[in-house]
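Here are my notes on this one, as promised. Have the model open while you read, and we can go through the points one by one.

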Amino acid sequence: MWKNTLKPYDILDKEQVQQIHAHAMLILQEIGVDFLHPKAIDTFRRAGLRIEENRVHFEPAFVEEQIKKVPATFQVQARNPKNTVTIGGDHMVNAPVYGPPFITDLDRGRRGATIEDFTNFDKMAQATPQIHCAGGTIVEPEDLPLETRHLDMVYSHIRWTDMTFMGSVISEENARDSIEMASIVFGGRAEIEKTPALLALVNVNSPLRYDDRMLGSLLEYAAANQPVIATPFLMAGAMSPMGLAGTLAQQTAEALAGIALIQLVRPGAPCIYGSFLTNIDMQSGSPAFGTPESAMGILASAQMARHYRIPFRGGGALTSSKSPDAQAAYESRRRLAGERAAGVLREIHHRRGGPANVRMDPGQGDPFRRRGVRHGWDPRGRARRSPPRLRAHDAALPHGLLPAVDLLDRELRPLATHGLADRRPGRQREMEAAPQGLRRPGDRFGG
């Protein structure tokens, strides 16, 4: 975590900010937002909002009342107290890529990711000072069962890093498991409710719809006082208007609707205004990343979040390039420069350059090694490689990570084996029977 001492750049004047706010309120009031979860609908109904089937209509005064409850800054604790981060103010927190199903290396090319790849990226995040959060679904480990792979992913974050991390959000059960695993690590649910230990990235199914799985996760994390990043997923020209002003109004409406629900579930719960804003190529219809429009969108989105005094999350180093070449460099740089100027507080996809042409080569005696990235092709058509940039192995990881493995295996690994059985009605979950949570590295191991 570091502080951004630059004064945020305001791309909008005061009148334009008010226009976008007014149009967002108009969308919420007249069009409304779909919430496809009965608990969410019941929550809004008890608050007295107008509801038509699954569509909720918001009064502007109600929305403004709810967003005033959002804390401007809050902390997220890490297993190593030195890595606890502050979200809000002028603090910046970087996280790795989120969600790619594929990984590319120089030997095997493009392939489905595995849990070994996931673990290697966790180790890389731990060894990289510029990364302050281990992330969430860094890659999708396709070699594990869908029903329980989230347990292995959260376990990998806990096992191989001592930073903050993100929980699973693809279902209500996955969110509950993530909260329970964090409770074991930090000494019980009361401890993580007092100081959050997880972040959750909840995407809006734009336009103007929160689906049942995302809402199930949002409700679980909000009830546990864990920060939710309410993030409209907008590609202008496909899921929102092509013009930037209309897209910003829609994004603001979608984000504030989710934040209002969070505050109804638990007033004062920490949350983040998220943005994944880009556009499509109007000639081909394909998504375009790292464009000037997306950089301008980040500047304006962050300014709207400052207007509401809500912490903001940006998209990080996004690019349309298929390899880490000059295009990837300038598109990613343009995005990052915009986010620095915008005063973005949290970046996801910070370690992304299109498909990751990174060689992960677990060798004997050196199980974690990054040899370098592809930098183009020589005249004979062979891939060029940079000199080795990073070498790390288990012994180089911070003191206190590895000695916890026995206790972690004993208390967390059973979830991966019995995760489905634990969900049978009437069966007490194994996590609830854990006697005490894991202590932090400094407490148990003196490091």
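**Strands, cores and cavities**

1. Let's start with the sheet around E11. Strands E11 and E13 (residues 228–236) run parallel and are joined by 5 bridges. If you want a spot to look at, Val204 has Pro232 in E13 as its bridge partner. Do keep in mind that this is a predicted model.

2. On the E10 side, strand E10 (residues 165–166) is also parallel to E11, with 2 bridges joining them. Here Phe165 sits opposite Leu198 of E11. As for cover, 6 of the 7 residues of E11 (residues 198–204) are buried, so by the under-20% cut-off for relative accessible area this strand is mostly covered.

3. The largest nonpolar core has 91 residues, and the members that touch the most others are Phe35, Phe58, Tyr210 and Ile259. Which helix gives the most to this core? That's H9 (residues 244–265), with 10 residues.

4. Ile259 is worth a click. Leaving aside residues up to four places away in sequence, Ile259 touches Ile67, Val70, Ala230, Cys271, Ile272, Tyr273 and Ile310. There is also a second, separate core, made up of 9 residues, with Val97, Phe118, Ile138 and Val139 among them.

5. Now the cavities. How many of 30 Å³ or more are there? The count comes to 2.

6. The largest cavity is lined by Gly136, Thr137, His150, Met153, Val154, His157, Met166, Gly167 and Ser168. Helix H5 (residues 149–160) gives the most to that lining, with 4 residues. By class, the lining splits into 3 nonpolar and 6 polar residues, with no charged ones.

7. For the second largest cavity, the lining consists of Arg79, His157, Ile158, Thr161, Met163, Phe165, Val185 and Phe186. H5 and helix H6 (172–186) each supply at least two of the lining residues. What classes do the residues of this lining fall into? There are 5 nonpolar, 2 polar and 1 charged.

8. Two residues tie these points together.

Terms used: Residues numbered from 1 in each chain as written. Predicted model: local features only at pLDDT ≥ 70, side-chain atom pairs only at ≥ 80, totals over all residues. Heavy atoms only, no water. Core = buried A, V, L, I, M, F, W, Y, C linked by side-chain atoms within 4.5 Å. Buried < 20%, exposed > 50% of the residue type's maximum accessible area, 1.4 Å probe, protein only. Contact = heavy atoms within 4.5 Å. 1 Å grid on protein atoms, 1.4 Å probe; cavity = no way out; pocket = protein on both sides within 12 Å on 5 of 7 lines; lining within 4 Å. Points joined across faces, edges and corners; volume = space filled by probe spheres on them. Nonpolar A, V, L, I, M, F, W, Y, C, P; charged D, E, K, R; others polar. Pairing = 2+ DSSP bridges.
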